[in-house]
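Hi,

Here is the structure I promised to pass on to you.

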Amino acid sequence: MLVINKNSGPYINRFDLPGGSLEDGETLSEAMKREFLEETGIEIEIIKNIGVTDFKLPWMWKEFSDVHHIAVYYLVRKVGGKLQTPEQFEGQDSLGAVWVTENDISFENASPLVVKAFEWLKTGDLGIDAHVYTDWKVLK
């Protein structure tokens with residue numbers, strides 16, 4: 001699985017999936033393609049929408065004490081580009097991408113989104129309930 005090295009947020013210093021926020025007027029699939037390219041250097045096509053799940057965990061940010069990520073999972077295929085260190089700009093939270101296997105991943109070095117993606121590979125199911133991590137530790 002291709003993951004990014006996260007340099008900010010609740011998953012700082014962990015592996016995470018490429019992704020991010022929508023820009024004005026952008027669809028989910030357009031955002032996924034753009035974010036993937038920005039964070040990895042790889043151009044993709046979306047094969048399938050796998051599903052949606054959400055994650056809640058403690059993280060102090062502005063006036064908030066928790067983060068609630070709603071994750072949309074896609075199966076994608078590389079159609080161009082090559083792995084490269086992404087351009088660094090305000091809001092860029094990727095230090096670059098690496099390929100990992102399930103044996104490389106744990107909650108100590110990866111976001112719950114990555115762990116869930118590997119679980120989906122084994123089971124074909126994301127589940128329907130939110131995944132709540134009350135004891136999440138943000139690395140420094």
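A word on terms before the findings: buried means under 20% relative accessible area, exposed means over 50%, and partly exposed is in between (1.4 Å probe, protein chains only). Please keep in mind that this is a predicted model, in which local features need pLDDT of at least 70, side-chain atom pairs count only at pLDDT 80 or more, and totals for chains, interfaces and linings use all residues. Residues are numbered from 1 along each chain as its sequence is written, and side-chain values use heavy atoms, with hydrogens and water left out.

The buried residues of H2 are Pro112, Leu113, Val114, Lys116, Ala117, Phe118 and Trp120. Their cover includes strands E1 (2–6), E2 (15–16), E3 (42–61), E4 (64–81) and E6 (131–132). After H2 comes Gly124, with a positive phi near 75 degrees.

Beyond its neighbours within four places in sequence, Val114 is in contact (heavy atoms within 4.5 Å) with Val3, Phe15, Asp16, Leu17 and Ile105.

Ser111 sits in the loop between strand E5 (94–99) and H2. Ser111 counts as buried because its relative accessibility is 0%.

Now for the charged pairs. There are 9 salt bridges, each a side-chain nitrogen of Lys or Arg within 4 Å of a carboxyl oxygen of Asp or Glu. In one of them, Glu23 meets Arg34 at 3.5 Å, N to O. Arg34 also pairs with Glu35, at 3.2 Å. Arg34 is buried, because its relative accessible area is 16%, and Glu35 is buried too, at 9% relative accessibility.

Another bridge joins Glu102 and Lys122, whose closest N and O atoms are 3.0 Å apart. This pair links distant parts of the chain, 20 residues apart: Glu102 in the loop between E5 and H2, Lys122 in helix H2. Glu102 is partly exposed at 37% relative accessibility, while Lys122 is exposed at 60%.

Best wishes

Notes:
Helices (H or I, at least four residues) and strands (E, at least two) are DSSP runs, numbered from the N terminus.
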